[in-house]
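Colleague: I am new to this structure and would like to know what stands behind the labels. Please show it, and then I will ask.

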Amino acid sequence: MEPLSVGLIGFGGRGRSVARALDAASQVEFTAVCDLVDDQRSAAEDAYDIETYADAAEMYERSPVEAVVVITRAAGHAPLSIQAMEAGKHVLCTKPLAANTAEAAEMVATARRTGLKGAVDFQNRFRPCYWSMKDAAEELDPLQVTITNQRSMFLDRYLRPGYAYG
């Protein structure tokens, strides 16, 4: 089986982590990076010796990517994913899928219309083991849970389906 040619949109902190995984995957040919920031593109070129682009449409036109991973700010998820599918690319989009349900519905409709694969990576937040860890953490150390709740997967709203973007 031929490796899948994959491009990455967003080379920030999370994007760099995904880039390492793409580069290491034997079934993937990590082909291109798109990022608005010059320094991010330079870092990608230095790290992976690949083509970089400031514009996703240019990447779709000039690079042989068959699929893209979208790891940008949430506001860009739907527009970039839809643009990718319109250009004939499969999409893996990081969470949240979209800024609202209308954008999410448009993404699904675009995938259905184009016949391309579209997926969202919700990581592990809905796994029952994380709900159990939250409950155990509250019983063991309420102060630590309060401190961790500043920005944590343990907030109830992040663990239950239906919150904001979920």
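Modeller: Start with one definition: a residue is called buried under 20% relative accessible area, exposed over 50%, and partly exposed in between. The model is a predicted one.

Colleague: What makes arginine 62 exposed?

Modeller: Its relative accessible area is 55%, and the cut-off for exposed is over 50%, so arginine 62 counts as exposed.

Colleague: Why is glutamate 58 called partly exposed?

Modeller: Glutamate 58 has a relative accessible area of 30%.

Colleague: How many salt bridges does a search of the whole structure find?

Modeller: The search finds three. Another one joins arginine 41 and aspartate 38, with the closest N and O atoms 2.2 Å apart. These two residues are three apart in helix α2 (residues 38–48), which means that about one helical turn separates them.

Colleague: Is arginine 41 buried or exposed?

Modeller: Arginine 41 has a relative accessible area of 14%. The limit for buried is under 20%, so arginine 41 is buried.

Colleague: What makes glutamate 86 and arginine 113 a salt bridge?

Modeller: Their side chains meet at 2.4 Å, N to O, and the limit is within 4 Å. Glutamate 86 lies in helix α4 (residues 74–86) and arginine 113 in helix α5 (residues 101–114), so the pair ties together parts that are 27 residues apart in sequence. Glutamate 86 is partly exposed at 46% relative accessible area, while arginine 113 counts as exposed at 55%.

Colleague: Which residues form the negative surface patch?

Modeller: The patch is formed by Glu45, Asp46, Asp49 and Glu51. Glutamate 45 is found in helix α2. With a relative accessible area of 37%, glutamate 45 passes the patch limit of over 30%, yet the class is partly exposed because exposed starts over 50%.

Colleague: Where is aspartate 49, and what is its phi?

Modeller: Aspartate 49 is found in the loop between α2 and β3 (51–53). Its phi is near 50°, a positive value in a residue other than glycine. Most residues other than glycine have a negative phi. At 70% relative accessible area, aspartate 49 is exposed.

Colleague: On to the rings. How many aromatic pairs does the structure hold?

Modeller: There are two aromatic pairs. In one of them, the ring centres of phenylalanine 11 and tyrosine 48 are 6.3 Å apart, with the planes at 90°. The limits are centres within 6.5 Å, and planes over 60 degrees apart for edge-to-face, so this pair is edge-to-face. The pair links distant parts of the chain: phenylalanine 11 is in the loop between β1 (4–9) and α1 (13–24), and tyrosine 48 is in helix α2, 37 residues apart.

Colleague: Are phenylalanine 11 and tyrosine 48 buried or exposed?

Modeller: Phenylalanine 11 has 3% relative accessibility and tyrosine 48 has 17%. The limit is under 20%, so phenylalanine 11 counts as buried, and tyrosine 48 counts as buried.

Colleague: Why is the pair of phenylalanine 30 and tyrosine 48 called edge-to-face?

Modeller: The rings are 5.2 Å centre to centre, with 75° between the planes. Over 60 degrees counts as edge-to-face, so the label holds for phenylalanine 30 and tyrosine 48. Phenylalanine 30 lies in strand β2 (residues 28–34) and tyrosine 48 in helix α2, so the pair ties together parts that are 18 residues apart in sequence. Phenylalanine 30 is buried, at 9% relative accessible area. Phe11, Phe30 and Tyr48 form one aromatic cluster.

Methods
Residues numbered from 1 in each chain as written. Predicted model: local features only at pLDDT ≥ 70, side-chain atom pairs only at ≥ 80, totals over all residues. Heavy atoms only, no water. Helix = DSSP H or I, 4+ residues; strand = E, 2+ residues; numbered from the N terminus. Buried < 20%, exposed > 50% of the residue type's maximum accessible area, 1.4 Å probe, protein only. Patch = residues over 30% accessible without salt bridge, like charges linked within 9 Å, V, L, I, M, F, W, Y side chains within 5 Å. Areas by Shrake-Rupley, 256 points an atom, 1.4 Å probe, with all protein chains shown as cover. Lys, Arg positive; Asp, Glu negative; His and termini not counted. Charge placed at Lys NZ, Arg CZ, Asp CG, Glu CD. Phe/Tyr/Trp six-rings, centres within 6.5 Å; stacked < 30°, edge-to-face > 60°.
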